[in-house]
Amino acid sequence: MTQEGKLVVITGPSGVGKGTIVKALLSKYSQIFVSISATTRVPRQGEVDKKDYYFLSRDEFEQMINDHQLLEWAEYAGNYYGTPRQPVLEQINQGKIIILEIEVLGARLIKDSFPLATSIFILPPSLDILEQRLRGRATDAEEVIIKRLAKAREELAVSDEFDYQVINDNLESSIELVESIIFPAVS
Ligand code: ADP
Ligand code: 5GP
């Protein structure tokens, strides 16, 4: 029997723990894949081109937009981010579960174009804790953290547009909850 592919969108503010949750799922389930996005953001220390992101110039990114190579894209805190179309469509056709870990505007576009996609919004227990996590991660400059916190307020206001809301307080519980959403029959 061929397994049916599935598109799962995980969204929510920067620093809430999306990447941490997705990483845990990837290490546990061989049938889950994550889409590698394109971005114009500069790589953080330790990030690898074509593994963490396709790191592109603005010209290269705009070329991808013009060539319709992106399933969705958005500008976030001064940079472009987008999902390459072909790998996602291929993986769904191959019966895989593919996760898009993307910000809210892109997640909305995916919901519109893929009504069967499952969308999960990850919330922080509070804005103070979100700020602590962004600072604790120590990947972003102060002005970047301030931009991301301002964005977070806007994003949290629309969390109920998505199918599921998960408050990422205890990490293990959040991972279990996301698993039960992705695999409803086995929970
Ligand atoms: P995002 O991908 O949403 O930007 P990250 O996964 O990078 O967020 O997480 C931001 C920081 O918060 C990281 O340092 C991570 O280790 C930490 N973190 C994630 N989930 C939790 C949690 N449930 N409790 C405490 N810290 C967490
Ligand atoms: P970061 O710079 O922290 O890696 O990502 C910033 C924000 O962009 C995060 O909320 C992340 O989920 C989002 N993001 C990453 N890739 C994409 C993408 O392909 N499309 C969209 N719309 N957002 C993305």
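Ala, Val, Leu, Ile, Met, Phe, Trp, Tyr, Cys and Pro count here as nonpolar, Asp, Glu, Lys and Arg as charged, and the others, Gly among them, as polar. The model is predicted: local features need pLDDT of at least 70, side-chain atom pairs count only at pLDDT 80 or more, and totals for chains, interfaces and linings use all residues. Residues are numbered from 1 along each chain as its sequence is written, chains are lettered from A and ligands numbered from 1 in the order in which they are written, and side-chain values use heavy atoms, without hydrogens and water.

**Largest pocket**

- Two or more lining residues come from each of α1 (18–28), β5 (70–76), β6 (79–84), α5 (127–137) and α6 (142–156), where helices are DSSP runs of H or I with at least four residues and strands are runs of E with at least two, numbered from the N terminus.
- α1 gives the largest share, six residues.
- By class, the lining has 11 nonpolar, 13 polar and 15 charged residues.

**Second largest pocket**

- The second largest pocket has about 210 Å³ of space.
- Its lining counts 14 residues, with Arg41, Asn79, Asp140, Val144 and Arg148 nearest the centre.
- At least two lining residues come from each of β6 and α6, and α6 gives the most, four residues.
- Six nonpolar, two polar and six charged residues make up this lining.

Methods: On a 1 Å grid over the protein atoms alone, a cavity is a set of points where a 1.4 Å probe fits but cannot get out, and a pocket is an open set with protein on both sides within 12 Å along at least five of seven lines; lining residues have an atom within 4 Å of a point. Grid points are joined across faces, edges and corners, and a volume is the space filled by probe spheres set on the points.
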